[in-house]
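Reader: I have a few questions about this model. Can we go through them one at a time?

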Amino acid sequence: MDLAAGLRGRHVLVTGASSGLGDHFARLCAGCGAAVTVAARRKEKLDALVGELREAGAPQARAVALDVADPDSIAAAFASLHALPDVVVNNAGIAEGGAAIDLDLAAFDRVIDTNLRGVWAVSTTAARAWRDAGRGGVIVNVASILGLRVAGGVGPYTVSKAGVVQMTQALGLEWARYGIRVNALAPGYIGTDINREFFETPPGQAMLKRIPMRRLGRPEDLDGAFLLLAGDASGWMTGATLPVDGGHLVSGL
């Protein structure tokens with residue numbers, strides 16, 4: 001089965017697309033023939049990405065400013081879209097590190113507002129639009145293996161991602177009647193510019209040894225699972241969370 005064909009001609013909205021996995025997923029979707037709308041707070045970075053996508057043969061690429069923690073921003077972004085998206089990728093996320101006992105409540109709120117409340121707000125906005133239009137849609141939430149197990153020093157992040165996993169199940173159940181499918185991708189540790197230096201340190205190397213495949217994931221390692229969840233090949237899947245983590249979740253305790 002050609003998983004890429006499932007996105008051909010579709011309109012995909014990707015949040016948090018100004019860097020990291022959001023940027024990667026936007027390029028992946030455009031390469032599969034989708035009309036991509038990239039969304040984030042940093043509009044200047046989005047404009048640069050759109051320029052690159054168009055040069056690469058994706059003339060329908062567009063950018064929209066969107067702060068998932070701001071309901072007014074979400075409403076304005078959806079109102080500005082040239083067409084309803086067929087697929088919404090909830091990728092925007094942040095982390096606040098440190099021992100939970102030392103973190104103030106504002107740090108917790110920032111993470112929850114973006115990673116959990118933001119996913120809820122974008123998802124419900126899309127779902128209402130699809131319901132009112134009498135059509136279905138697809139939501140892919142980017143969760144994390146830290147929503148399924150925990151690690152020290154990232155308490156608010158793990159709580160937010162566990163909430164995304166539960167939200168995926170709850171909304172998948174509730175919205176199946178509307179033809180709206182909601183699934184989640186749960187990446188393990190993926191090498192990016194943000195964390196690459198850490199994984200070269202002794203603590204980072206020790207963490208890598210706990211991954212059964214003994215290496216960091218690459219963004220492209222997520223492509224197969226992402227295309228499955230975003231396209232028609234997963235037409236009878238909803239409420240599911242799919243880990244892609246080099247076996248990290250099944251490693252020994």
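Reader: Is Cys 29 buried or exposed?

Author: Cys 29 is buried, at 0% relative accessibility. Buried means under 20% relative accessible area, exposed means over 50%, and partly exposed is in between, with a 1.4 Å probe and protein chains only. This is a predicted model: local features need pLDDT of at least 70, side-chain atom pairs count only at pLDDT 80 or more, and totals for chains, interfaces and linings use all residues. Residues are numbered from 1 along each chain as its sequence is written, and side-chain values use heavy atoms, with hydrogens and water left out.

Reader: Which cysteine sulfur is closest to that of Cys 29?

Author: The one in Cys 32, at 6.5 Å, which is too far for a bond. A disulfide here is a pair of cysteine sulfur atoms within 2.5 Å. Cys 32 is in no disulfide, and it is buried, with a relative accessible area of 8%.

Reader: How many disulfides in the whole structure?

Author: Zero, from a search of the whole structure.

Reader: What does Leu 227 touch?

Author: Cys 32 is one of its contacts, along with Leu 3, Ala 4, Leu 7 and Leu 28, not counting residues up to four places away in sequence. Contact means heavy atoms within 4.5 Å. Leu 227 is buried, with a relative accessible area of 9%.

Reader: Where is Leu 227 found?

Author: In helix H7, residues 223–230. Helices (H or I, at least four residues) and strands (E, at least two) are DSSP runs, numbered from the N terminus.

Reader: How far apart are the C-alpha atoms of Leu 227 and Pro 71?

Author: They are separated by 28 Å, and the two residues are 156 apart along the chain.

Reader: Switching to H5. What span should it have?

Author: Helix H5 has 21 residues, 155–175, and should span 30 Å at 1.5 Å a residue. The expected span is 1.5 Å times one less than the number of residues. The end C-alpha atoms of H5 are 30 Å apart, which agrees.

Reader: Which residues of H5 are buried?

Author: Among them are Pro 156, Tyr 157, Val 164, Val 165, Met 167, Leu 171 and Trp 175. The list also includes Thr 158, Ser 160, Lys 161, Thr 168 and Gly 172.

Reader: What covers them?

Author: The cover includes helix H4 (105–133) and strands E5 (137–142), E6 (180–187) and E7 (241–244).

Reader: Which residues are linked in a network of salt bridges?

Author: Arg 215, Arg 218, Glu 220 and Asp 221. The closest N and O atoms are 3.7 Å apart for Arg 218 and Glu 220, and 3.8 Å apart for Arg 218 and Asp 221.

Definitions and conventions
Salt bridge = Lys/Arg side-chain N within 4 Å of Asp/Glu carboxyl O.
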